[in-house]
Amino acid sequence: MTTTENTTTIVVREPLDPTPEQLLVLKRYANASRASFNFAYGLKHEAQQQWVRGRDRLLSEGLSREEANRRAPKVFVPRGSDVQRIFLAVREQPLAGPLREGEREHRRMFRWWAGVNAIVCQQAFRDADTAFANWRSSGRRAGEGVGYPRPKRVGRCRDSFRMTSVRLVGTDLRHVRIGGEKDPAGQRALIVRLHRPARRLARAIARGGVVKMVTVAREGSQWWASFNVRIALPPPARPSRRQKEAGTVGVDLGVAVFAATSEPVLTAAGKEQLFVNPRHLDNARRQLHKWQRRMARRHVKGLPAHRQSAGWREARDQVAHLMGLVAQRRASTQHLLTKQLVTQFEHVALEDLRVKNMTRTARGTIEAPGRNVAAKAGLNRAILDVGFAEIRRQIEYKAKWHGVTVTAVNPAYTSQTCHRCGHVDRKSRRTRSLFECTRCGHVTHADIGAAHNIKHRALAPDANDAH
């Protein structure tokens with residue numbers, strides 16, 4: 001969700017139900033978007049390498065790196081509009097070299113753009129601009145660094161494209177129109193059915209929302225349309241009376257119990273404080289391993305994806321389908337929990353977890369190999385399957401809709417501290433779930449005790465991060 005002074009942008013995702021013929025068109029649009037990005041990437045990468053060669057010459061002359069960077073010759077790096085102009089000039093070029101056997105004329109070098117809406121290519125050129133801009137500015141802004149951009153490879157990148165000419169059709173809210181080419185010989189517009197009525201999108205448009213951009217992407221075996229809708233900023237939300245009465249809740253995230261709360265949370269099954277990890281990835285692991293092994297056995301080394309056998313493509317599609325189901329089930333669990341928290345409490349306290357540091361590999365190096373590498377890899381998978389960072393992100397943006405305050409506290413020793421007397425001792429945690437204070441003898445579930453400590457730290461005057 002992006003917010004400006006008077007408006008905000010929300011994203012509404014709708015599942016598509018295309019026919020087999022429409023699937024081919026969506027894939028062709030996605031391939032055109034990928035190829036357009038790679039075309040822009042090639043021009044920008046060559047310009048960057050030209051600058052590096054000039055800088056390296058200065059380094060070889062004995063200049064320092066800072067001085068060489070400052071004195072390196074300037075190089076023209078084409079932006080999106082420049083790439084568009086270059087592409088229009090060369091897109092009709094034929095392949096160089098002699099004709100193949102049976103060919104009467106040369107094939108075009110860039111065949112992927114034919115029949116594709118021009119906006120798809122233009123947006124891909126802008127994506128390349130964004131990728132290089134993020135890389136250049138990563139050292140000058142807060143947050144994690146961004147690596148050097150890479151080209152998009154078939155089978156390695158997500159099938160997606162962006163357009164502006166996508167809109168609802170009819171009053172039944174079950175169809176969307178995806179724009180085509182103005183050229184009669186190009187691809188005509190598609191009327192694609194939706195899996196469900198787009199009621200949320202219709203409500204946003206009825207409130208004065210304007211669809212600015214639509215991303216059509218494949219996740220697993222399912223295609224989705226994500227509408228970026230610009231709507232007027234609603235008045236600041238205030239917590240309800242029930243939220244004020246409930247007050248503050250501390251939330252401890254984990255693996256065996258993926259969330260423990262200091263106060264009971266009302267769910268469909270009653271009031272709960274311990275939310276057992278559904279382990280979506282582990283539940284699908286048996287089927288995933290079966291199809292991944294088939295995919296590995298049927299793979300022919302050296303052949304690109306489009307030239308692999310039908311059996312390999314079948315296994316690949318099954319793996320993608322299973323991973324898509326896992327992602328959808330995980331998202332459903334996360335959305336359900338986060339909505340319950342922000343609608344039932346006035347203040348939500350979380351741990352300020354550094355997930356990237358928590359999930360670093362224990363492999364080590366050849367000189368200093370790691371220990372318990374397999375166990376650490378399994379723990380990393382379990383942490384990422386829960387989605388600590390995603391749960392926090394959802395709570396933070398949903399809190400703005402319900403007038404909720406979110407506080408992130410220091411997670412140090414929350415599971416080793418008695419929330420009754422404040423005594424800190426790692427021996428108090430007898431087992432993974434049992435906490436028995438070595439000073440006062442208080443007994444509780446370890447995760448619930450940690451949630452209480454998170455709540456107490458959030459209510460302290462020097463709480464780490466409140467917003």
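Trainee: Over the face of which residue does K152 lie?
Mentor: This is a predicted model, in which local features need pLDDT of at least 70, side-chain atom pairs count only at pLDDT 80 or more, and totals for chains, interfaces and linings use all residues. Residues are numbered from 1 along each chain as its sequence is written, and side-chain values use heavy atoms, with hydrogens and water left out. A charge sits over a ring if NZ of Lys or CZ of Arg is within 6 Å of the ring centre and within 35 degrees of the ring normal. K152, at 4.7 Å from the ring centre, lies over the face of F37.

Trainee: R91 lies over the face of W113, but at what distance from the ring centre?
Mentor: The rule for a charge over a ring again applies, with CZ of Arg within 6 Å of the ring centre. For R91 and W113 the distance is 3.9 Å.

Trainee: How many helices and strands are there in the chain?
Mentor: Both are DSSP runs numbered from the N terminus: helices are H or I with at least four residues, strands are E with at least two. The chain has 13 helices and 16 strands.

Trainee: What percentage of the 467 residues in the chain is buried?
Mentor: Buried means under 20% relative accessible area, exposed means over 50%, and partly exposed lies in between, with a 1.4 Å probe and protein chains only. Of the 467 residues in the chain, the buried share is 39%.

Trainee: How many aromatic pairs are counted?
Mentor: Rings of Phe, Tyr and Trp (its six-membered ring) pair if their centres lie within 6.5 Å; planes under 30 degrees apart count as stacked, over 60 as edge-to-face and the rest as tilted. The number of aromatic pairs found by this rule is ten.

Trainee: Which kind of pair do F39 and F87 form?
Mentor: A pair of aromatic rings is described by the distance of the centres and the angle of the planes. For F39 and F87 the centres are 5.4 Å apart and the planes stand at 70°, so the pair is edge-to-face.

Trainee: Which helices do F39 and F87 lie in?
Mentor: The pair ties together parts that are 48 residues apart in sequence, and both F39 and F87 are buried. This is because F39 lies in residues 20-60 and F87 in residues 80-90, which are helices α1 and α3.

Trainee: What is the angle between the planes of W135 and Y148?
Mentor: W135 and Y148 also form an edge-to-face pair, 4.8 Å centre to centre. W135 lies in helix α4 (residues 118-137) and Y148 in the loop between α4 and β3 (160-163), so parts that are 13 residues apart in sequence are tied together. The angle between the planes is 90°.

Trainee: How are α1 and α3 oriented to each other, roughly perpendicular or roughly parallel?
Mentor: Axes are lines fitted to C-alpha atoms, for helices over the stretch in contact, and angles run from 0 to 180 degrees between N-to-C directions. Angles under 35 degrees count as roughly parallel, over 145 as roughly antiparallel, 65 to 115 as roughly perpendicular and the rest as oblique. α1 and α3 pack at an angle of about 110°, with their axes 11 Å apart. That makes their orientation roughly perpendicular.

Trainee: Which residues in α3 do F39, A40 and L43 meet?
Mentor: Contact means heavy atoms within 4.5 Å. F39, A40 and L43 belong to α1, and the residues they meet in α3 are V83, I86, F87 and V90.

Trainee: What orientation do α9 and α12 have to each other?
Mentor: Helix α9 (residues 310-344) and helix α12 (residues 388-402) pack with their axes 9 Å apart, at an angle of about 40°. α9 and α12 are therefore oblique.

Trainee: Is Y413 buried or exposed?
Mentor: Y413 is found in the loop between β13 (405-409) and β14 (434-436). Y413 is not a glycine, although its phi is positive, about 65°. Its relative accessibility is 53%, so Y413 counts as exposed.

Trainee: What distance separates the C-alpha atoms of A114 and Q187?
Mentor: A114 is placed in the loop between α3 and α4, and it counts as partly exposed because its relative accessibility is 28%. A114 and Q187 are 73 residues apart along the chain, and their C-alpha atoms are separated by 8.6 Å.
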